[in-house]
Each structure stands twice: as structure tokens, then as C-alpha cells.
Amino acid sequence: MFPSISHPTIRMVSPRSRRAAYAFLGALSLSVLTPGTARAQAPSTAGTTLEKLYTDAQATRGREGYLTYCASCHKTVEHAGPRFWPDKVGKTLGEFWGYLRSQMPQDNPGAMSAEAYADVIAFIMQMNKMPAGDIELPADSVALEKVRVVPPTDTLRSRNRR
Ligand code: HEC
């Protein structure tokens, strides 16, 4: 069970990400508090990337950022599907976000704003067919550390078929 979040523990980057973080944590804890409902139909997706944790508009922004800051060295196929997830599954989006902020772009780490890194992750989630929703993925380490990376099952199946 996740601890409840008190306001001072949310490390803010900007008003936009603060609003996003509160909306995000609200949505996340709701599903965490009602795991029985989810379990009735399927394994619980609470606290995973299978919850609707970014918006399509955010992913579109993230795509722009990716094209500007990442595509000179990476192809999107590296960051989608079977080649990508095996290394990430079970880790948290917080780890991923922290890695990108501190290491990428490799020739200029930290070149993007904290929000722009979250947007890039939203784009990567969209490429990986993780469901989008109404709340944005926040640029907030506390919130992102609560989300475990779980790929959609069809992604896993295609990996297993190899
Ligand atoms: C100047 C070239 C360059 C740019 C630009 C760049 N990367 Fe990288 N990236 C690399 C190299 C080289 C590695 C391998 C580094 C290593 O293994 O330590 C890497 C590794 C990675 C990894 C880890 C490998 C994996 O599959 O987990 C991810 C994720 C990643 N980059 C994402 C990004 C994203 C997102 C951006 C844009 C914000 C970006 N990179 C921009 C060169 C670059």
C-alpha cells in the first residue's frame, strides 16, 4: 500500500507541474484504494503504467521534444516494444525520468526542462501503447516513483514469441 502524500513532500518544479502532480496523485491513489474493483476483472493495474497516466496532447509535445533532443542519436524503434521494455519492467518511471534528466541527451544532459522530460516519457508510453487519459504525467519525482513500468500484455507476448 502506498503511503498517503502530504503536500510538503511534493517537490515542485512549476505551477503547471504542481497542478499536474496533484491531479496525478489523486487519480493514482483512487485506483490504489480500490484494488478489489480492478482485481474482479483483471490483475490490478494500480500504480503501473497501464493506468491512464498521461494525455495524448502531452505525448504530442513529447514527440516534438524527442525529435529535437533525441532523434539525432536514437530511432523511435529503440524506445518502443520488445527491444525497450525488458530493461525497464518493474522499475519506476521515477528512475526513468531521473536517468533521462541526468544522462540524456548524452551530449548535453539536462538540456530540457523537467516538464519536457516528462513529456518525452509520455511520448514513449504512447509509442508503447500504454493507455492515455485525462491527466498529465507530472514532472515530479515523488509521483513518478509510485509508478511501476508494466508494458501492455500484447507487447509482452510479442517479446515472448521471439
Ligand atoms: C548525442 C547522442 C544522444 C542523444 C542526443 C540522446 N541520447 Fe540517449 N543514449 C545515447 C547513448 C550513446 C546511449 C548509451 C549510453 C550508455 O549505455 O551509457 C544512450 C542511452 C539511452 C537510453 C538507455 C538505453 C535504454 O534503452 O534504456 C535511453 C532510454 C535514452 N538514451 C533515451 C534518450 C532520450 C529520451 C533522449 C532525448 C531526450 C536521448 N536519449 C538523447 C546517445 C544519445
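What covers the buried residues of α4? The cover includes α5 and α6, and contact here means C-beta atoms, placed from the backbone, within 7 Å.

## About the model

This is a predicted model, in which local features need pLDDT of at least 70, side-chain atom pairs count only at pLDDT 80 or more, and totals for chains, interfaces and linings use all residues. Residues are numbered from 1 along each chain as its sequence is written.

Helices are DSSP runs (H or I, at least four residues), numbered from the N terminus.

## Two sides of α4

Helix α4 spans residues 93–103, and L93, W97 and L100 are buried in it (20 or more other C-beta atoms within 10 Å of a residue's own; exposed means 12 or fewer). They sit on the same side of α4 because they cover an arc of only 65 degrees around the axis, taken from the directions from the helix axis to the C-beta atoms. An α-helix has 3.6 residues a turn, so residues three or four places apart point the same way. Turned away from the buried side of α4 is a face with the exposed residues S102 and Q103.

## A buried proline

Now look at the loop between α5 (114–127) and α6 (141–144), where P138 is found. P138 counts as buried because 28 other C-beta atoms lie within 10 Å. The C-alpha atoms of P138 and R18 are separated by 7.6 Å, although these residues are 120 apart along the chain.

## Around the ligand

The ligand is surrounded by 13 residues, and the closest are C70, C73, M104, P105 and Q106 (C-beta atom, placed from the backbone, within 6 Å).

Notes:
Two residues are in contact if their C-beta atoms, placed from the backbone, lie within 7 Å.
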